[in-house]
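Hi everyone, and thanks for coming. Please have a look at the structure on the screen, and then I'll walk you through a few parts of it.

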Amino acid sequence: MPGLTFDKRELGNLEYSLQREMLATDRRGGYMSTTIVGCNTRKYHGLIVAPIDTTDQTYVLLSSLDETIVQHDQSFNLALHRFRGVYEPRGHKYITDFEYTPCPTITYRVGGVILKKELLWIHKRTHLMIRYTLVDAHSKTTLRLRPFLAFRNKHSLSKANMDANVRSYPVVNGVKNRLYDGFPWLHMQLSKDSAKFIAAPDWYYDFEYQKELERGYEGYEDLLTTGYFEMDIEKGESIIFSASVDEMASSADIVEYFNTSIARRTHKIDFKSCLHHSARQFIIRRPGDRTEVVAGYPWYGVDGRSTFISLPGLTLEQGYKEDCMAVLDTMVADMHNGDFAGSASAEVAADAPLWFFWTLQQLEEHIGAKAVWEKYGEAMKGILGAYRKGFFGGCVALHSNGLIWAAREGYALTWMNSVMGGVPQTPRAGYTVEINALWYNAVCYALELAKKCGDKDFVAEWKALPKQTKQAFIECFLLEEEGHLADYVDLRGADKAVRCNQIIACGLPYKMVDDEQIVNILLTVRQHLLTPLGLRSLSPEDSRFESTYKENPIEQEAASKNGAVWVWPLMFYFECAFALQGEKFLAKAKEMYEAYDDNIQTYCIGSVAEYYDANPPFAPRGAFSMAWSVGALLYIRQLIDKQEAKAARAAKRTAKKEVKTSKK
């Protein structure tokens, strides 16, 4: 499949360029993100957005950097900002080219001046480097760089105030700034020794972030500039701007560090390599030997459910079993009384600990059943025992019928977890289809490992439960007349909504529905939910169905789970289809997988969105780079690869038989 391509003729068209955002991460929780023309359209955009402590919070330190070319006393500002509906300056008109790999590179042309700008976000450091190369010029040229500082939480907005420290303090070839106590110093340095910094503190008011306004949030910010750098630049010369919480010792160190870092960058040459690169961006390493998964950029932090669902695709598809186990070990280390901590706790995410078992089933292919049981067996037994005992006073617990009940006032305990003003937007309290499917899968898998590894006591304690659970599940959830599974069952009866959750019950390794029932469910899912980019969260025939994006945040939260298209449930759709059709589904599977190739050219370049509108043109929505979306596509890629290998082996056997027959 083709790699990332951009229409050079459209770069100056803001309807084109502002819909294309770029993301680079440092693998420690920090990132750089903006549009391909350098105009921030979100409060989450910034050139340095990074954690400054051990919490799950990140902060915008350096918001943007304006470049100005000066020739013959005329200034040409290459930047692009929007202030209260007006773009000023309009530097995008000078852009002639944009490339994404090995690092984002923008080329500007101003008369006879051609300037190339390469943005490099350094791995494992809070460090941005930008190399400016004057490709062509016919007169004396001066480069001016003006940084805009925020020093605020990424979820908030900066406003002009008297508390900010506007002073700049000298360091080698530059200055350092710290607007407020409690923040680290930001060191801004140049590789050119003769570069000068002119102190000129000033607030710029009302930067407008369109994406925030579209989402129904406040979208205006004031940013502080403490001055600007100025230096002459010769034709063919490269000058590197370095911004970091750590000071660089010399201009030579800046140059060497840039050259060494860019040489290690991989090239995103096709769809698969883009997914691989995106997958690595979600795995972060924090102090205290902790390895975690960021649920999505730009606004999500670490989330337990998302971690388990996305982890196999993010790590195992590329053979990174050590990363997979490092994440699992971090989460297991935080367990208490058979429950995970924080967002992975059954008290707030009733299904999260059960996804742990599914992740282990994928890991088993790489380390073996015995290693899984030896390493994680105690955690597995602890989790199952905790469900039997019950969480939070029985709000989540195993009932006497063998099913898991999950209902807690003011909480949405499933993955459809939108809550606004204390009210769940997709209430599903009771017995939910995917939680009970995951429960059955977890118990059966633990029993399988226990039998293999000789844990007779565990087998004796749990062996009778799966049969009971299966019988109760079929009685509660199977809607024979409708041909699908109920979404949830409460004291009033079954909710018959056609949702994507039922496909999970059909695609897990251990399932309670037979092939005939799965065929009927698949037909229903295809008819009501399947789209080119994933599965709708609700049938269009349902009165609650919402097809498009809503500007009101509360309405949007409801719409996101009542129609919006999600990528990650496709993993289980593919599992079902391959199990039933085998090689016959291969061509369709590849077609569906490749449909995302064009999609990664927009929204967040090289990655996959959180969800999409329910109807054409299926516009991307939510977080622009989502772990379980990327993980799901790589998991699907693995399923396709396995099926292709299986088909190749079958073809080889057939060819051998034909040769033997012809010889006879």
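Let me begin with a definition: a salt bridge here is a side-chain nitrogen of Lys or Arg within 4 Å of a carboxyl oxygen of Asp or Glu. By that rule, the count comes to 40 salt bridges. What you see is a predicted model, where local features need pLDDT of at least 70, side-chain atom pairs count only at pLDDT 80 or more, and totals for chains, interfaces and linings use all residues. Residues are numbered from 1 along each chain as its sequence is written, and side-chain values use heavy atoms, with hydrogens and water left out.

Which residue meets Arg 84 in a salt bridge? That is Asp 206, at 3.5 Å from N to O. Asp 206 lies in strand E16 (residues 196-208) and Arg 84 in the loop between E6 and E7, so the pair ties together parts that are 122 residues apart in sequence. For these labels, strands (E, at least two residues) and helices (H or I, at least four) are DSSP runs, numbered from the N terminus.

Are those two buried or exposed? On our scale, buried means under 20% relative accessible area, exposed over 50%, and partly exposed in between, with a 1.4 Å probe and protein chains only. Asp 206 is partly exposed at 27%, and Arg 84 is partly exposed at 48%.

Other pairs sit under cover. Arg 215 and Glu 212 meet in a salt bridge at 2.8 Å, N to O, and both residues are buried. Glu 292 and Arg 286, also buried, form a salt bridge whose closest N and O atoms are 2.7 Å apart.

Back to Arg 84: this residue is in the turn of the E6 and E7 hairpin, with a positive phi of about 50 degrees. Strands E6 (residues 80-83) and E7 (residues 86-90) run antiparallel, joined by three bridges; two strands pair if DSSP finds at least two bridges between them. Leu 80 stands opposite Arg 90 in E7. E7 has a covered face, Tyr 87 and Pro 89, and an uncovered one, Val 86, Glu 88 and Arg 90.

Finally, strand E4 (residues 59-71), where 13 of 13 residues are buried. E4 pairs antiparallel with E12 (residues 142-153) over 10 bridges, and with E5 (residues 74-77) over four. Thr 68 has Arg 144 as its bridge partner in E12 and stands opposite Asn 77 in E5.
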